[in-house]
Amino acid sequence: MKSKQVSRRSFLTKGATGVVAGGAAASGLFAAPAVHAQPAPLVVKMQTSWPSSDIWMTFAKQYADRVEAMSGGRLKVDLLPAGAVIGAFQVLDGVNDGVIDIAHSVPVYWYGKNKAASLFGTGPVFGGSATTMLSWFYAGGGEEFYRELTQDVMGLNVIGLLGFPMPAQPFGWFKGEVNSVADIQGFKYRTVGLAADLLQSMGMSVAQLPGGEIVPAMERGVIDAFEFNNPSSDMRFGAQDVAKNYYLSSYHQASESFEFIFNRDFYEDLEPDLQAILRYGVEAASTSNTALAMDNYSSDLQKLADEGVTIHRTSKEILAAQLEAWDKLIPQLEEDPFMKKVLDSQRAWVERVTYYELMNSPDYQLAYDHYFPGKLKL
């Protein structure tokens, strides 16, 4: 007998229904009425780059819940934390090799494979926000650049999408105050991606670590300052236990979004409607993630302050020095032809779009000060 390989698509379209129908036909006119059973759901293995305790697991679950609901139960997402199958920084490899079907991560985590990864969220800040750059990904050519990098340049068997424009990442956690560039010289500092190149050029000694390793490294003296991403994640892994000065506002990672990586064979073998659910589920989760972030990040920042953490805004001197450091780093990046065309595209997008954004936006700080006078104390 000839064997026929059953693809995921044929399983989802035929499944148990096909078996029941075939049995009815074989039994002739006296068969009981066919029972159109619902096929068993296709289990989709999705691993994140986050510890199970991180709020970002909740962000990933919002995506998983939406995919399951929109698929009518045809897809079941097995959501796993970092390390469940592979390490936090290895999820791209896991998806490419088919060990997992989907990863929830950030492109900067595979920066070691190709520096251009950092351009998709953690590259130079020309003045655009994370929302500006997520718009560039979908409307300004960024998605095609991402496809070219992953599939053509790197030869990977993946499809990637971005979602949830993150608030700019804080400069981070310090044991004492840092108000000038001189104050940060020689600090052993945790960050990732091009931010490591940037801050190293400003006099820091940089270590690239996953989020779950940061506080233990701080306790052992491997690092003496760090950033991760936001007040909620930072608070959950105990940043406030090892440092008391928290500096918000920075240009080192100011335009990042989540990355959703799909194994290309897995994705393309699905029915078109399920492909659409996986794709547009990213957009749906982006909205719900934003709402969750605004609620939790703001309330957790207040909790940190109530627990004795001093909240600072990074000094203009350090911010200006970061921009000057980007000025020196960008020409080095542009020696790579691919990175040059991506940066050219981003600059042109930001020049046009951010001009509109800045010209159109009222002064929100003025309004805030009007209704909550003296609270900002900038």
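**Entry 1**

I started with Lys-340, which counts as partly exposed because its relative accessibility is 32%. Here buried means under 20% relative accessible area, exposed means over 50%, and partly exposed lies in between (1.4 Å probe, protein chains only). I was working on a predicted model, where local features need pLDDT of at least 70, side-chain atom pairs count only at pLDDT 80 or more, and totals for chains, interfaces and linings use all residues. Residues are numbered from 1 along each chain as its sequence is written, and side-chain values use heavy atoms, with hydrogens and water left out.

Which residue forms a salt bridge with Lys-340? I found Asp-344, with the closest N and O atoms 2.7 Å apart. A salt bridge here is a side-chain nitrogen of Lys or Arg within 4 Å of a carboxyl oxygen of Asp or Glu. Both residues sit in helix α13, 4 residues apart, about one turn of the helix. Helices (H or I, at least four residues) and strands (E, at least two) are DSSP runs, numbered from the N terminus. An α-helix has 3.6 residues a turn, so residues three or four places apart point the same way. Asp-344 is partly exposed, at 31% relative accessibility. I also noted that salt bridges with shared partners join Glu-334, Lys-340, Asp-344 and Arg-347 into one network.

**Entry 2: other salt bridges**

I searched the whole structure and got 16 salt bridges. One of them pairs Lys-45 with Asp-78, closest N and O atoms 3.5 Å apart. This pair links distant parts of the chain: Lys-45 is in strand β1 (residues 42–48) and Asp-78 in strand β2 (residues 75–80), 33 residues apart. Lys-45 is partly exposed at 29%, and Asp-78 is partly exposed at 30%. I then looked up Lys-76, whose side chain meets that of Glu-68 in a salt bridge of 3.8 Å, N to O. Lys-76 is partly exposed, at 43% relative accessibility.

**Entry 3: Gln-253**

Is Gln-253 buried or exposed? Gln-253 counts as buried because its relative accessibility is 2%. I placed Gln-253 in the loop between β9 (245–248) and β10 (257–263). Leaving aside neighbours within four places in sequence, its contacts (heavy atoms within 4.5 Å) include Val-108, Thr-122, Ala-168 and Glu-227. Thr-191 is also in contact with Gln-253, and a polar contact of 3.3 Å joins their side chains. A polar contact is a pair of N or O atoms within 3.5 Å; within protein, one must be able to donate a hydrogen and the other to accept it, and residues adjacent in sequence count only if both atoms are side-chain atoms. Gln-253 and Val-125 are 128 residues apart in sequence, yet their C-alpha atoms are 8.0 Å apart in space.

**Entry 4: the sheet**

I traced an open sheet of 6 strands with mixed pairing, in the order β7-β6-β8-β5-β9-β11. Its edge strands, β7 (205–207) and β11 (310–313), each pair on one side only. Two strands pair if DSSP finds at least two bridges between them. Strand β5 (residues 172–174) pairs with β9 in the antiparallel sense over 3 bridges, and Gly-172 has Tyr-247 in β9 as its bridge partner.

**Entry 5: helix α6**

I checked helix α6 (residues 142–153), whose buried residues include Phe-145, Tyr-146 and Leu-149. The buried residues of α6 pack against α5 (130–139), β4 (158–165), β10, α10 (264–268) and α13 (337–360). After α6 comes Gly-155, with a positive phi near 65°.
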